[in-house]
Amino acid sequence: MTAVTERQQLAYIANQAADMRVNVELETEGMTLNIGPQHPATHGTLRIIVKLDGEQVVAADPVPGYMHRGYEKLAEVRTYPQVTTLVNRIDWLGSFANEVPFILAAERLMEVEAPPRAQWIRTILFELSRIGNIALFLGDMAVQLGAVTPVFYAFRDREYVLNQIEAITGGRFHPNFDRIGGLKDDIPKGWVAETKGVLTKMRAFCDELDELLVGNEIFTARTRGVGVIPPEVGLSYGLSGANLRASGIDWDHRRDSPCGLVYDKLDWKVWTHPDGDSFARYWVRLQETREAILMLEQLLDGIPSGPIMAKVPRIIKVPAGEAYVATENPLGEMGYYVVSKGDLVPFRVKIRSASFNNISIVPWVLRGVYVPDVITILASLYFILGDIDR
Amino acid sequence: MSSTEVTETAPASDERRDALVARLGEELGDALIAGHVDAGRDVWVRVATAAWEDAGRVARDVLGLRYFGFLSAIDWLPSPYGRSLDAAIDLEAEPASGEVEQMEQGVTGGETRFQVFARLHSVTEHIGLTLKVDVPNDTLALATWTRLFGGANWHEREVFEMFGISFEGHPSLRKLYLPGDFEGHPLRKDFPLLSRMVKPWPGIVDVEGMPGVADDEGGE
């Protein structure tokens, strides 16, 4: 038996103390991480308060409202034609698509129908907005995952689409082109041929991203099985658009309730994916962009001749009534619930925007995921801040 | 596409939507107060305040309207500030009528100043339904739908801050957009829009001419 020296005793105590310190460090306490309001992953100013346990998210609470402009209130003091200027700025990447459901709701109350030519050009601009909008998502989702190249391609090629929209409407981002009863103007000479050239470029863009990302091992590893949304949960939160179709729900306003637009005259299909994860949402949007190009080719070949405006009074009074019209916008279901009292201004306009519902699922879908996946999931849900805050 | 239902003229009757209202009436009994069908286009129902949550449950489980569109509210009080389009040039073209406007509660009627309405949709039958309910003037409270639809959470928070209507049983009823110390409920009709008070709107008469028509009516 050896005597324990004082030195050995002290070393023993020091070791114990060191062990304790390590154990204290390993025992993780809850931590609150604030993402945003200024963060590249938030496309604007969305703030998300995330409670973490280690690397895992315990609770997430999005705080919208940094860009709330009160369009529902402002619409109550503007005449019907003036409202389109406001609603342009809801989803600012697909602005023309925002105008259409509002105009359709007003037309329904007035019992006015746009002439066929106007309906076709509306559909063309609607689908061009979709391509311009989703092209940015296709590149942006990659940049959120650390691949920088695709976003440059996206910005480059989206410009071709914006140029075509500008050629008709005069505005790259805020066309303000739709009118009750038709359109502001006809398409310029040579526009159809030029747009066909752009479609070829956009198809090449889709193929390029398909090769760059969809088959990419890192991309699939980071997106497959991440942020799975079962169809029932998606419906209960009112998810719409590609987010819902990526969960396997075969529903598209363009096919199932094509009021006022000419989708029923085209040959196309609705893409769905059974997985409901981030990869599925990316994949469905990529296919939808291709489908939109296909639709546009048919649309450009079939523009009927005729007037672009129906007969409407110069000062528009909308008869009393209520109407809800929704269309399949780039981000999902966008609808306007318009209440009229027969005056020059709407009595109440409820704007049902897609991103609001698409982001309200964030507290549900982020629970239990790891920190890097937070950004993946947010990017794959694809929201525009103006579309949440209105 | 195969869908050929798009009709130029609305049909006189609408069996699918009539059946929807009838089925809802069977389940809810007296709690279904009014129904309104715009043939070929849309359908509205108004239910009793006490049956609001039940109505949502029946619509989801019996009628199969599983998709939650939105939930919002309407303030039916005629605006005490007029139509805010009263620049001198506008009054010349469109004189204000001067009548005192009565409170009318839309297509399904109603008895209270505030109504909450929600939109549900069937993703298989492709039919949508707008449900409305009166909110009692004295309590301004209603049962929550958050137990039925996860998405109702944010929508009810928005209605809470914009109209001041509270939802009993909501897990965390707090402001959504506005800062915590904001006072008032902006979407109420008696909430003034100050920017219009300090500076009159340029006017409604300043509209552009119709495309293709010579602008001879003096737009310039």
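Begin in chain A, with helix α4, residues 95-110. This helix has 16 residues and reaches 24 Å from its first C-alpha to its last, close to the 22 Å expected at 1.5 Å a residue. The model is predicted. Helix α4 of chain A is mostly covered, with 16 of its 16 residues buried. After the helix comes A:E111, whose phi is positive, near 60°.

Now look at the nonpolar core. The largest one has 158 residues. A:A105 and A:A106 are among those with the most contacts inside it, along with A:V338, B:V116, B:L131 and B:I165. Helix α5 of chain A, residues 116-144, gives the most to this core: 15 residues. A:A106 touches A:Y80, A:I180, A:V318 and A:V338, leaving out residues up to four places away in sequence.

Next, the contact between the chains. Chain A puts in 43 residues and chain B puts in 38 residues. On the side of chain A that touches chain B, the elements giving two or more residues are α2 (71-74), α9 (231-236), α11 (253-256), β6 (321-329), β8 (348-352) and α13 (354-360). By class, this side of chain A has 19 nonpolar, ten polar and 14 charged residues.

Move to chain B and its strand β2, residues 42-47. All six of the six residues of β2 are buried. Both faces are covered. B:D42, B:W44 and B:R46 lie on one side, and B:V43, B:V45 and B:V47 lie on the other.

Strand β2 of chain B has partners. Strand β1 of chain B, residues 32-38, pairs with β2 in the antiparallel sense over six bridges. Within this pairing, B:V43 is the bridge partner of B:V37. Strand β5 of chain B, residues 127-135, runs parallel to β2, and four bridges join them. There, B:W44 stands opposite B:T130.

Follow chain B past β2. B:A51 is found in the loop between β2 and α2 (52-61). Is B:A51 buried or exposed? B:A51 counts as buried because it has 20 C-beta neighbours inside 10 Å. Not counting residues up to four places away in sequence, B:A51 touches B:L28 and B:A31. B:L32 is 19 residues from B:A51 in sequence, and their C-alpha atoms are 8.5 Å apart in space.

Definitions and conventions
Residues are numbered from 1 along each chain as its sequence is written. Chains are lettered from A and ligands numbered from 1 in the order in which they are written. This is a predicted model: local features need pLDDT of at least 70, side-chain atom pairs count only at pLDDT 80 or more; totals for chains, interfaces and linings use all residues. A residue is buried if 20 or more other C-beta atoms lie within 10 Å of its own, exposed if 12 or fewer, and partly exposed in between; C-beta atoms are placed from the backbone. Two residues are in contact if their C-beta atoms, placed from the backbone, lie within 7 Å. The expected span of a helix is 1.5 Å times one less than its number of residues. A nonpolar core is a set of buried Ala, Val, Leu, Ile, Met, Phe, Trp, Tyr and Cys residues joined through C-beta atoms within 7 Å. Ala, Val, Leu, Ile, Met, Phe, Trp, Tyr, Cys and Pro count as nonpolar, Asp, Glu, Lys and Arg as charged, and the others, Gly among them, as polar. Two strands pair if DSSP finds at least two bridges between them.
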